[in-house]
Amino acid sequence: MENDSAVLKSINEILDSAITSLNPVITYLEGDERNKAVKNLQSAMKHAITSEQNLKTHVTVIKSLQAELKNDPSIDIPKRYNSMMKSVGRKVPKLKEHGKMTNFDEALKSLLRDRQEVVQESLNAEEGSDEEIVMTQSEMPSIDPFSGLTMTDPVRNIICSHIYDRSSVIDVLKRNPQVRCPIPGCGNKKFITLESVVPDNQVKKHLQKMKSQK
Ligand SMILES: [Zn+2]
């Protein structure tokens with residue numbers, strides 16, 4: 001069982017690095033090359049999540065098999081194992097519902113949005129077209145969790161989606177390179193790096209709007 005948790009941990013690492021790799025992929029690659037790289041990352045996510053689910057199913061089945069065996073030592077273990085794997089496996093949540101897959105999709109969306117805006121700005125696109133704000137007001141963070149001050153340059157941690165101010169991240173990392181997400185209850189155990197945060201223009205626009213309303 002100890003070995004199983006080590007495997008689960010390294011699967012988690014794979015998932016997190018696939019999410020983090022999205023940043024350079026979207027920033028530095030274009031066209032087919034980019035699409036291919038994104039597809040590769042998606043399939044890495046898929047394989048890792050499937051392995052994780054299989055392993056979790058296996059661990060659950062072994063535990064109940066041990067319990068059953070105590071009551072009835074005569075059971076056909078391989079047969080029982082296979083049928084339990086099937087029935088437990090069916091209850092496993094779908095790929096799309098996996099939290100890391102959601103984070104991956106979110107990161108991909110916000111990186112693409114951000115990239116598009118950079119391209120648009122450089123093309124000197126027409127002004128206006130206030131982008132639809134998907135998040136509701138209450139979900140929009142405005143306070144930087146490090147400094148407690150209103151943010152001006154919000155960035156999103158692409159692993160857990162939490163928002164901080166870029167200047168705080170830079171300051172904090174200067175003092176201590178091993179800082180984790182400060183949001184209470186956040187499951188992201190990775191240290192924050194400048195590669196794992198991306199500009200969040202949605203929140204930025206919201207902050208600008210709030211400021212102009214004052
Ligand atoms: Zn977080």
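Visitor: Which strands does helix α5 lie across, and at about what angle does it run to β2?

Guide: Helix α5, residues 166–175, lies across β1, β2 and β3. Its direction is at about 75° to β2. Keep in mind that this is a predicted model.

Visitor: Let me back up. How many helices and strands are in the protein chain?

Guide: There are 6 helices and 3 strands. Going along the sequence, the pattern is α-α-α-α-β-β-α-β-α.

Visitor: What order do the strands take in the sheet?

Guide: The order is β2-β1-β3, in an open sheet with antiparallel pairing. The edge strands are β2 and β3, each of which pairs on one side only. On average, neighbouring strands here are turned by 40° against each other, direction ignored.

Visitor: How many bridges hold β1 and β2 in their pairing?

Guide: β1 (residues 154–157) pairs with β2 (residues 163–165) over 3 bridges, in the antiparallel sense.

Visitor: Are the residues on the faces of β1 buried or exposed?

Guide: Buried, on both faces. Pro154 and Arg156 are on one side, while Val155 and Asn157 are on the other.

Visitor: Which residue takes a positive phi in the hairpin of β1 and β2?

Guide: Ser161. The hairpin has 5 residues between the strands, and Ser161 has a phi of about 75° although it is not a glycine. Most residues other than glycine have a negative phi.

Visitor: Why does Ser161 count as partly exposed?

Guide: Ser161 has 17 C-beta neighbours inside 10 Å, so it counts as partly exposed. A residue needs 20 or more to be buried and 12 or fewer to be exposed.

Visitor: What does Asn188 touch?

Guide: Not counting residues up to four places away in sequence, Asn188 touches Asn157, Ile159, Cys160 and Cys181. Take Ile159: it is 29 residues from Asn188 along the chain, and their C-alpha atoms are separated by 6.9 Å.

Visitor: What share of the contacts in the protein chain join residues at least 24 apart?

Guide: The figure is 65%, among contacts between residues at least 6 apart in sequence.

Visitor: On to the helices. How many residues does α2 have, and how far does it reach?

Guide: Helix α2 runs over residues 31–71, so to speak a stretch of 41 residues under the usual DSSP naming. From its first C-alpha to its last it reaches 60 Å, close to the 60 Å expected at 1.5 Å a residue.

Visitor: Which residues of α2 are buried?

Guide: Met45, Ala48, Ile49 and Val61 are buried in α2.

Visitor: How much of the protein chain is buried?

Guide: Buried residues make up 20% of the 214 residues.

Visitor: Which residues touch the most other members of the largest nonpolar core?

Guide: Ile19, Leu22 and Met45 do, in a core of 28 residues. At least two residues each come from α1 (2–28), α2, α4 (99–122), β2, β3 and α6 (201–213). The largest share, 7 residues, is from α1. In soluble globular proteins, nonpolar side chains tend to be buried together.

Visitor: Which domains does this core draw on?

Guide: The core takes at least three residues from each of domain 1 (2–101) and domain 2 (140–214).

Visitor: You named Leu22. What does Leu22 touch?

Guide: Leaving out residues up to four places away in sequence, Leu22 touches Leu41, Ala107, Leu108, Leu111 and Ile158.

Visitor: And Leu15, where is that found?

Guide: Leu15 is in helix α1. It counts as buried because it has 22 C-beta neighbours inside 10 Å.

Visitor: What does Leu15 touch?

Guide: Met45, Ala48 and Lys100, again not counting residues up to four places away in sequence. His47 is 32 residues from Leu15 in sequence, and the two are 9.7 Å apart in space, C-alpha to C-alpha.

Technical notes: Residues numbered from 1 in each chain as written. Predicted model: local features only at pLDDT ≥ 70, side-chain atom pairs only at ≥ 80, totals over all residues. Helix = DSSP H or I, 4+ residues; strand = E, 2+ residues; numbered from the N terminus. Pairing = 2+ DSSP bridges. Expected span 1.5 Å × (residues − 1). Axes fitted to C-alpha atoms, helices over the stretch in contact; angles between N-to-C directions. Contact = placed C-beta atoms within 7 Å. Core = buried A, V, L, I, M, F, W, Y, C linked by C-beta atoms within 7 Å. Domains from an automatic or database assignment.
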